[in-house]
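Please read it beside the sequence and the structure.

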Amino acid sequence: MLNLILFGPPGAGKGTQSTKLIEKFGLTHLSTGEILRNEITEKTPIGIEASKYIDHGILVPDDTVIALITARLVQNGNINGYVFDGFPRNISQAIALDKLLARFDHSLTLLVALEVEYSELISRLLLRSKNEGRTDDASAVVEKRLKLYREVTEPVMCYYKNKNKFISVDGLGEQDEIFAKIVAAIEKYRL
Ligand code: AMP
């Protein structure tokens, strides 16, 4: 199995690169942001509750996202592996993910971090807000999300660095070029 966390701040390109990884390695995509947005669209109780957090650029409670991920791992039996995108978002979620994977006799292969500088992230997110109408990409919320990323989410990288399950890739440039770097880094790590 190849179980990856595609990691990086909002706007780093995790969604785009996840799609490519899924195609190449036959993996299942688990994006907590996307799952939560679907719950919101379908107006489920989880979605209604989650939108209160998402609209303010803050994290949805751990129990909620861990339950959503658990349900997907239960549903997906025999597969090649997963790309976790937007999860784990803090150390508690990272610990929960490790335990959860162990419960299914799996383990995390690697965290792949996409590195993109702050000013580039801001312009990408504001553009996404215009193009996709994501309310949490509006300028006031964007800054809050990036601050939260630095303070609460970034430490997840150290957690996996300490387990020697960490690589980082420059997230600036053409999408295909970045993807080639990610694949090369994963393959080198697995040698
Ligand atoms: P994303 O699409 O990953 O940028 O997520 C959009 C929003 O959904 C975030 O700003 C959070 O409010 C919420 N969210 C997504 N993933 C998580 C998570 N793992 N833990 C808590 N909240 C999350």
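In this predicted model, the count of salt bridges comes to 7. Among them is a pair formed by Lys 163 and Asp 98, which ties together parts of the chain that are 65 residues apart in sequence.

**Salt bridge between Lys 163 and Asp 98**
- The closest N and O atoms of Lys 163 and Asp 98 are 3.8 Å apart, and the cut-off for a salt bridge is 4 Å.
- Lys 163 sits in the loop between helix H8 (155–161) and strand S5 (166–170), while Asp 98 belongs to helix H5 (residues 91–103).
- Lys 163 has a relative accessible area of 40% and is therefore partly exposed.
- Asp 98 is also partly exposed, at 22%; the class "buried" applies under 20%.

**Salt-bridge network**
- Arg 134, Asp 136 and Arg 145 are linked in a network of salt bridges.
- Asp 136 and Arg 134 are both buried.

- Lys 147 pairs with Glu 151 in a salt bridge whose closest N and O atoms are 3.3 Å apart.
- Both residues lie in helix H7 (residues 139–153), where a separation of 4 residues corresponds to about one turn of the helix.
- Lys 147 is partly exposed, and its relative accessible area is 45%.

**Patch of negative charge**
- On the surface, Glu 115, Glu 154, Asp 170, Glu 174 and Glu 177 gather in a patch of negative charge.
- One of these residues, Glu 177, is part of helix H9 (residues 175–190).
- Glu 177 has a relative accessible area of 43%, so this residue counts as partly exposed; patch members need over 30%.

**Fold and dimensions**
- The chain contains 9 helices and 5 strands.
- Read from the N terminus, the order of elements is β-α-β-α-α-α-β-α-β-α-α-α-β-α.
- The radius of gyration of the chain is 16 Å, which agrees with the value near 16 Å for a compact globule of 191 residues.
- The C-alpha trace spans about 45 × 35 × 30 Å along its principal axes.
- Of the 191 residues, 45% count as buried.

Definitions and conventions: Residues are numbered from 1 along each chain as its sequence is written. This is a predicted model: local features need pLDDT of at least 70, side-chain atom pairs count only at pLDDT 80 or more; totals for chains, interfaces and linings use all residues. Side-chain values use heavy atoms; hydrogens and water are left out. Patches are made of residues with over 30% relative accessible area and no salt bridge: like charges are joined within 9 Å, nonpolar side chains (Val, Leu, Ile, Met, Phe, Trp, Tyr) within 5 Å. Accessible areas come from the Shrake-Rupley method with a 1.4 Å probe; for residues, only the protein chains shown count as cover. A salt bridge is a side-chain nitrogen of Lys or Arg within 4 Å of a carboxyl oxygen of Asp or Glu. Lys and Arg count as positive and Asp and Glu as negative; His and the chain ends are not counted. The place of a charge is taken as NZ of Lys, CZ of Arg, CG of Asp or CD of Glu. Helices (H or I, at least four residues) and strands (E, at least two) are DSSP runs, numbered from the N terminus. Buried means under 20% relative accessible area, exposed over 50%, partly exposed in between (1.4 Å probe, protein chains only). The radius of gyration is taken over C-alpha atoms; the globule rule is 2.2 Å times the number of residues to the power 0.38.
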